[in-house]
Amino acid sequence: MTETPAKQLPLPPNYRFDDATVRKGVPNHPLTDLYYEMQRGSWTQLLAVYVAVFLATNLLFATLFLLGGDCIVGAEPGSFLDMFFFSVQTLATIGYGALAPKTTYAHVVVMIEAMVGLLGVALVTGLAFAKFARPRANMLFSRNVLLAPYDGHKSLYFRVANVRGNDVVEATVRLVAIRSHVTAEGHAIRRLRDLELVRSHSPLFRLSWLVVHVIDERSPLWGLDVDGMIDDRVLIIVSLTGLDGTFAQSVHARHVYTPNDVLTGHHFGDIIRDLPDGRIEFDFDKFHDVVALTAAQQAIEDQVGERDELLDDDAETIDAEVRDAIADQVE
């Protein structure tokens, strides 16, 4: 008998959230959003653009100097290489003294290039400083989000850590689920639904935070299992904001979980332990570790599932044995 392959989200799981949407027909004006693109891109991209613009500018002015004939003192007439290096000296305001303009045409070109150079230095300095000094929240989100009992209730939960370990005060986390919805008029849309959290605010966030959403009859995820989340292409968006105590500026972090990241039948491994000298050790090496539920814990999960089914059928009572087992597990 052939085994049925596990159901997967149509989107390959190694795609990033930003790659999950194809934008077609968007007006493309890169120069109007150049500052945004440079800030959004990597340092490699910024340096590559800087080198390309620097070389292109010097090639342009070297050509202009070459068109002026024998207009540079100390340069070999008709030598493009001499003109190029003279352009580099002019643009960077180096001025070794070996090369100098000797005609009015050359002086005018030098004047224009000097203005371009000063403007370019100001722009590049501003871009580099803004990119370097921009505060970022260095947060680490767990690789998986777990769908398992927590404190006696079926819950969706994950953990996040402050990697820097500095003070992030008045931290707030928000959880949103994107689900498919068909309006009364028959229009299919993707709707954002807020997921209520057990604790959404922390006055001081320094180590880790277990973010828990209880899936009860009020939850937008009520009645969904992993297969149902895959069919509905549910996305879980996490947004964390706070005030960084080092920069005294607001910082934010974002993470997106797809149904391929949802794990059942497990709970997170312990990452915090007390040291003999009274300090607390936080083990980042085990941050993503999950542990399979024991047989007793699995029995509790099954009982929680039965209880949720009873609630879904508007049952008024829950079996006393289930309540006792849940209470024992919590203790």
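How many of the 331 residues of the protein chain count as buried? The share is 34%, where buried means under 20% relative accessible area, exposed over 50% and partly exposed in between, using a 1.4 Å probe and protein chains only.

Before you start clicking, a word on the model. This is a predicted model, in which local features need pLDDT of at least 70 and side-chain atom pairs count only at pLDDT 80 or more, while totals for chains, interfaces and linings use all residues. Residues are numbered from 1 along each chain as its sequence is written, and side-chain values use heavy atoms, with hydrogens and water left out.

**Stop 1: the whole chain.** Show the protein chain as a cartoon and you will find seven helices and 16 strands. These are DSSP runs numbered from the N terminus, with helices (H or I) of at least four residues and strands (E) of at least two.

**Stop 2: aspartate 70 and lysine 102.** Select these two side chains, which meet in a salt bridge with N to O at 3.1 Å. The term stands for a side-chain nitrogen of Lys or Arg within 4 Å of a carboxyl oxygen of Asp or Glu, and the count by this rule is eight. Aspartate 70 sits in the loop between helix H2 (43-67) and strand S1 (72-73), and lysine 102 in the loop between strand S2 (100-101) and helix H4 (104-133), so the pair ties together parts 32 residues apart in sequence. Aspartate 70 is partly exposed at 40%, and lysine 102 is partly exposed at 41%.

**Stop 3: arginine 206 and aspartate 167.** Move on to this salt bridge, whose closest N and O atoms are 3.2 Å apart. Arginine 206 belongs to the loop between strand S8 (201-205) and strand S9 (208-214), while aspartate 167 belongs to the loop between strand S5 (153-162) and strand S6 (168-182), so parts 39 residues apart in sequence are tied together. Color by accessibility and arginine 206 comes out partly exposed at 42%, with aspartate 167 partly exposed at 31%.

**Stop 4: arginine 273 and glutamate 281.** Finish by selecting this pair, a salt bridge with its closest N and O atoms 2.7 Å apart. Arginine 273 is partly exposed, with 46% relative accessibility, and glutamate 281 is partly exposed, with 30%.
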